[in-house]
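Visitor: I'd like to learn how to read a protein model feature by feature. Could you walk me through one?

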Amino acid sequence: MILILLGPPGAGKGTQAKELAARRGLVQLSTGDMLRAAVAAGTAVGLKARPIMEKGLLVPDEIVIGILAERIEQPDCRNGVILDGFPRTLAQASALDDVLTNKKLKLDAVIELKVDDEVLVERISGRFSCAECGAGYHDAFKPTKVKDVCDACQATKFIRRKDDAPETVRARLLVYYRETSPLIGYYYCKGNLHVVSGMGPIGEVAAAIESIVEGAKA
Ligand code: ADP
Ligand code: ADP
Ligand code: ZN
């Protein structure tokens with residue numbers, strides 16, 4: 001099963017992708033996570049991506065397409081994947097079509113998470129994650145059960161993304177509307193698009209996504 005979660009920064013793509021992956025035995029493929037890992041490891045891709053990501057701009061298509069195409073070939077992806085943060089441009093969407101055609105795979109559903117802009121800013125400004133296992137949290141909306149202790153792995157170190165600072169968030173939103181939102185029309189025309197409100201609580205959004213995925217399976 002191949003699913004795409006589409007939506008602006010802070011919409012809840014990562015949160016929902018992780019839950020859905022756990023529920024259905026799928027693999028979450030987040031190009032943002034892959035790029036941050038490359039930056040942390042100081043690879044050639046990481047060195048190139050770092051200043052671009054810090055500005056909230058998009059890493060060039062050929063780089064992102066390359067890492068995604070390589071990752072999706074790995075044996076753990078055979079059961080199916082949830083693409084989180086990819087594709088982000090029409091060129092990436094078209095490259096994904098080619099990858100899937102070559103592998104004789106079909107795109108099952110594209111789920112657009114719709115969230116108001118003010119709420120996005122609120123979500124991004126409170127976002128943090130576990131430095132050990134990557135579990136995602138929010139100061140107000142999804143705090144850890146025990147203060148400063150990760151629910152999932154009990155680690156006590158957390159990170160906040162540098163590009164989640166308010167001045168970068170505005171740039172990232174603009175990039176979303178300019179470069180990524182045309183994909184909504186692209187997938188609508190292909191008949192793959194499902195729109196979900198991402199405004200409700202995490203569990204409610206998860207239930208709406210679940211019913212779409214259940215329907216797409218048929
Ligand atoms: P968010 O979850 O807030 O939408 P991501 O973690 O997906 O953010 O992405 C963080 C940054 O990584 C982006 O601002 C961009 O610089 C880079 N990036 C991630 N995915 C892509 C992609 N598909 N194409 C180009 N750049 C990407
Ligand atoms: P994205 O991957 O789309 O950038 P995230 O999944 O990282 O978004 O979510 C952004 C922030 O909002 C995180 O701190 C997360 O805990 C929180 N969040 C996600 N979904 C919801 C929701 N439905 N209601 C309230 N907060 C949410
Ligand atoms: Zn953890």
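Guide: We'll go from the whole chain down to single residues.

Guide: A word on ground rules: this is a predicted model, so local features need pLDDT of at least 70 and side-chain atom pairs count only at pLDDT 80 or more, while totals for chains, interfaces and linings use all residues. Residues are numbered from 1 along each chain as its sequence is written, chains are lettered from A and ligands numbered from 1 in the order in which they are written, and side-chain values use heavy atoms, with hydrogens and water left out.

Visitor: How many helices and strands does the protein chain have?

Guide: Helices (H or I, at least four residues) and strands (E, at least two) are DSSP runs, numbered from the N terminus. Here the protein chain has 9 helices and 8 strands. Its radius of gyration is 17 Å, close to the 17 Å that the globule rule gives for 218 residues, so the chain is as compact as a globular protein of that length. That radius is taken over C-alpha atoms, and the rule is 2.2 Å times the number of residues to the power 0.38. Along the principal axes, the C-alpha trace spans about 45 × 40 × 35 Å.

Visitor: What percentage of the residues is buried?

Guide: Buried means under 20% relative accessible area, exposed over 50%, and partly exposed in between (1.4 Å probe, protein chains only). In this chain, 43% of the 218 residues are buried.

Visitor: And what share of the contacts joins residues 24 or more positions apart?

Guide: A contact means heavy atoms within 4.5 Å. Of the contacts in the protein chain with a separation of 6 or more, 69% are between residues 24 or more positions apart.

Visitor: How many positive and negative side chains are there?

Guide: Lys and Arg count as positive and Asp and Glu as negative; His and the chain ends are not counted. For the place of a charge, take NZ of Lys, CZ of Arg, CG of Asp or CD of Glu. The tally is 29 positive and 28 negative side chains, with the centres of the two sets 2 Å apart.

Visitor: On to rings. How many aromatic pairs are there?

Guide: Rings of Phe, Tyr and Trp (its six-membered ring) pair if their centres lie within 6.5 Å; planes under 30 degrees apart count as stacked, over 60 as edge-to-face and the rest as tilted. By this rule the count is 5 aromatic pairs. Take tyrosine 137 and phenylalanine 158: they pair edge-to-face, 6.1 Å centre to centre, with 80° between the planes. Tyrosine 137 sits in strand β6 (residues 136–138) and phenylalanine 158 in strand β7 (residues 158–159), so the pair ties together parts that are 21 residues apart in sequence. Tyrosine 137 is buried at 6% relative accessible area, and phenylalanine 158 is partly exposed at 22%. Another edge-to-face pair is tyrosine 186 with tyrosine 187, at 5.1 Å centre to centre and 80° between the planes. Tyrosine 186 is partly exposed, at 24%, whereas tyrosine 187 is buried, at 0%.

Visitor: Which residues do ring pairs link into a cluster?

Guide: Phe128, Tyr137 and Phe158.

Visitor: Now the chain ends. Which residues does lysine 217 touch?

Guide: Skip residues up to four places away in sequence, and lysine 217 touches Met1 and Arg24. Lysine 217 lies in helix α9 (residues 202–217) and is exposed, at 51% relative accessibility. Its C-alpha is 7.5 Å from that of aspartate 108, which is 109 residues away in sequence.

Visitor: Where is methionine 1, then?

Guide: Methionine 1 is in the segment before β1 (2–6), partly exposed at 23% relative accessible area. Leaving aside neighbours within four places in sequence, its contacts include Leu26, Asp108, Val213 and Lys217. The C-alpha atoms of methionine 1 and cysteine 77 are 9.5 Å apart, though 76 residues separate them along the chain.

Visitor: What about the backbone: where is the cis peptide bond?

Guide: Phenylalanine 86 and proline 87 are joined by a cis peptide bond, with omega about -5°. Proline 87 belongs to the loop between β3 (81–84) and α5 (90–102).

Visitor: And which value does phi take at aspartate 148?

Guide: Phi there is near 65°, a positive value in a residue other than glycine. Aspartate 148 is in the loop between β6 and β7 and is partly exposed, at 44% relative accessible area. Glutamine 154 has a phi near 65° too; this residue lies in the loop between β6 and β7 and is exposed, at 53%.
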